[in-house]
Amino acid sequence: MGPTVQVRFTEGFARAFTGGVREFEVEARLLRDVIRAMNERFPGLGERLVEETTVAIDGMMHETAYFQPVPPGGEVFFIPKLEGG
């Protein structure tokens, strides 16, 4: 078993895509591992995460970069992108 990280979603995003569940624990070393794990649990969610969210890893904002390392025990928070207008 590899290192685990905490994955969190906003309430609205969770309601729309994960049946309202906002927190998950997954095995991951890189952000792509997190996205892959979430897509396995909720088919199609991986594409939504890449296209519709920005990610904060331990409170630092990142563009969705597949090879961004995720520290063991870290927190990955997916935030819906704001639409300009």
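Me: Which residues do ring pairs link into a cluster here?
Reply: In this predicted model, ring pairs link Phe9, Phe13, Phe17, Phe24, Phe42 and Phe78 into a cluster, where rings of Phe, Tyr and Trp (its six-membered ring) pair if their centres lie within 6.5 Å, and planes under 30 degrees apart count as stacked, over 60 as edge-to-face and the rest as tilted. Because the model is predicted, local features need pLDDT of at least 70 and side-chain atom pairs count only at pLDDT 80 or more, while totals for chains, interfaces and linings use all residues. Residues are numbered from 1 along each chain as its sequence is written, and side-chain values use heavy atoms, with hydrogens and water left out.

Me: How many aromatic pairs does the structure hold?
Reply: The structure holds 5 aromatic pairs. In one of them, the rings of Phe9 and Phe13 have their centres 5.4 Å apart and their planes at 20 degrees, so the pair is stacked.

Me: And what about the rings of Phe9 and Phe78?
Reply: Their centres are 5.6 Å apart and their planes are at 20 degrees, so this pair is stacked. Phe9 lies in strand S1 and Phe78 in strand S5, so the pair ties together parts that are 69 residues apart in sequence; helices (H or I, at least four residues) and strands (E, at least two) are DSSP runs, numbered from the N terminus.

Me: Is Phe78 buried or exposed?
Reply: Phe78 counts as buried because its relative accessibility is 0%, where buried means under 20% relative accessible area, exposed over 50% and partly exposed in between (1.4 Å probe, protein chains only). Phe9 is buried at 0%, and Phe13 is buried at 6%.

Me: Which residues have the most contacts inside the largest nonpolar core?
Reply: They are Val7, Phe9, Val34, Met38 and Phe78, in a core of 20 residues, a nonpolar core being a set of buried Ala, Val, Leu, Ile, Met, Phe, Trp, Tyr and Cys residues joined through side-chain atoms within 4.5 Å. S1, H1, S2, H2, H3, S3 and S5 each supply at least two residues of this core, and H2 gives the most, with 5 residues.

Me: Which residues of helix H3 are buried?
Reply: In H3, which covers residues 45–52, Leu45, Gly46 and Leu49 are buried. Seen down the axis of H3, these residues fall within an arc of 105 degrees, so they line one face of the helix, the arc being that of the directions from the helix axis to the C-beta atoms. They pack against strand S1 (4–9), helix H1 (11–17), helix H2 (31–41), strand S3 (53–57) and strand S5 (75–80).

Me: And which residues of strand S2 are on its covered face?
Reply: The covered face of S2 (residues 23–27) has Phe24 and Val26, whereas Glu23, Glu25 and Glu27 are on the uncovered one. In a regular strand the side chains alternate between the two faces of the sheet.

Me: How many bridges join S1 to S2?
Reply: S1 and S2 run antiparallel and are joined by 5 bridges, and two strands pair if DSSP finds at least two bridges between them. Gln6 stands opposite Glu25 in S2.

Conventions
Contact means heavy atoms within 4.5 Å.
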